[in-house]
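Dear colleague,

Please find below the structure that I am handing over to you.

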Amino acid sequence: MKAMLCSVLLLLVFVVSAAEAADDWTQKFPASHPSARGNAKMAYIGGDQLLLFGGWVYPNIFDDTWIYDLGDNVWTQKSPAYHPSARHQHAIAYIGGDQVLLFGGWVGAPNYDDETWVYDLSAEGWTQKNPLSNPSTRSSHAMAYIGGDQVLLFGGHD
């Protein structure tokens, strides 16, 4: 009986928590924003901000960089002179400090990519990295910062 009561209480807590979470969605209407697109990638970059790069809407593939500030509800397009080529289905991850790592993606038929790029938030610019070894070309993979100087990359296809 005691175990059943605990189960019922846990279920009640879960249902109440889920109902409260449902009320947390708020639609935003920023004055300017990136164009509609699919397969763009976004990473949390600290504070109330996110970085978005790339994406596509047939037949266009994008190479633009945007920062979204949730607190101010403002999208700001960044225009670094040097940046990754247009791509989608790539992966990006915030790697601490002021940096975001980008790897791979699909850059147009029939090309997959194995480039490594770092965006420096302070300098507002991209730098291409040329590691001695790197994963094979791929798209639709997942990547996450796991601390220290390490990123975990998983899956994808070429």
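**Aromatic residues**

Phe53, Tyr119 and Trp126 come together in one aromatic cluster. Please note that the model is a predicted one. Across the whole structure, a search finds six aromatic pairs. One of them is formed by Trp66 and Trp75, and its geometry is edge-to-face. In general, the distance of the centres and the angle of the planes describe a pair of aromatic rings. For Trp66 and Trp75, the centres are 6.3 Å apart and the planes make an angle of 85 degrees.

Are the two residues of this pair buried or exposed? Trp66 has a relative accessibility of 8% and therefore counts as buried, the cut-off being under 20%. Trp75 also counts as buried, because its relative accessibility is 14%.

**An open sheet of four strands**

The strands β1, β2, β5 and β6 form an open sheet in the order β1-β2-β5-β6, with antiparallel pairing. Its edge strands are β1 (41-44) and β6 (74-78), each of which pairs on one side only. On average, neighbouring strands of the sheet are turned by 25 degrees against each other, direction ignored.

Within the sheet, β2 (residues 49-53) and β5 (residues 65-69) run antiparallel and are joined by five bridges. Leu50 stands opposite Tyr68 in β5. Both of these residues, Leu50 and Tyr68, return in the lining of a pocket described below.

**The two largest pockets**

The largest pocket has a volume of about 220 Å³. It is lined by 15 residues, and those closest to its centre are Leu101, Thr116, Pro135, Met143 and Val151. Which strands each supply at least two residues of this lining? They are β8 (99-108), β11 (142-147) and β12 (150-154). The most is given by β12, with three residues.

With kind regards

Key
Residues numbered from 1 in each chain as written. Predicted model: local features only at pLDDT ≥ 70, side-chain atom pairs only at ≥ 80, totals over all residues. Heavy atoms only, no water. 1 Å grid on protein atoms, 1.4 Å probe; cavity = no way out; pocket = protein on both sides within 12 Å on 5 of 7 lines; lining within 4 Å. Points joined across faces, edges and corners; volume = space filled by probe spheres on them. Pairing = 2+ DSSP bridges. Axes fitted to C-alpha atoms, helices over the stretch in contact; angles between N-to-C directions. Phe/Tyr/Trp six-rings, centres within 6.5 Å; stacked < 30°, edge-to-face > 60°. Buried < 20%, exposed > 50% of the residue type's maximum accessible area, 1.4 Å probe, protein only.
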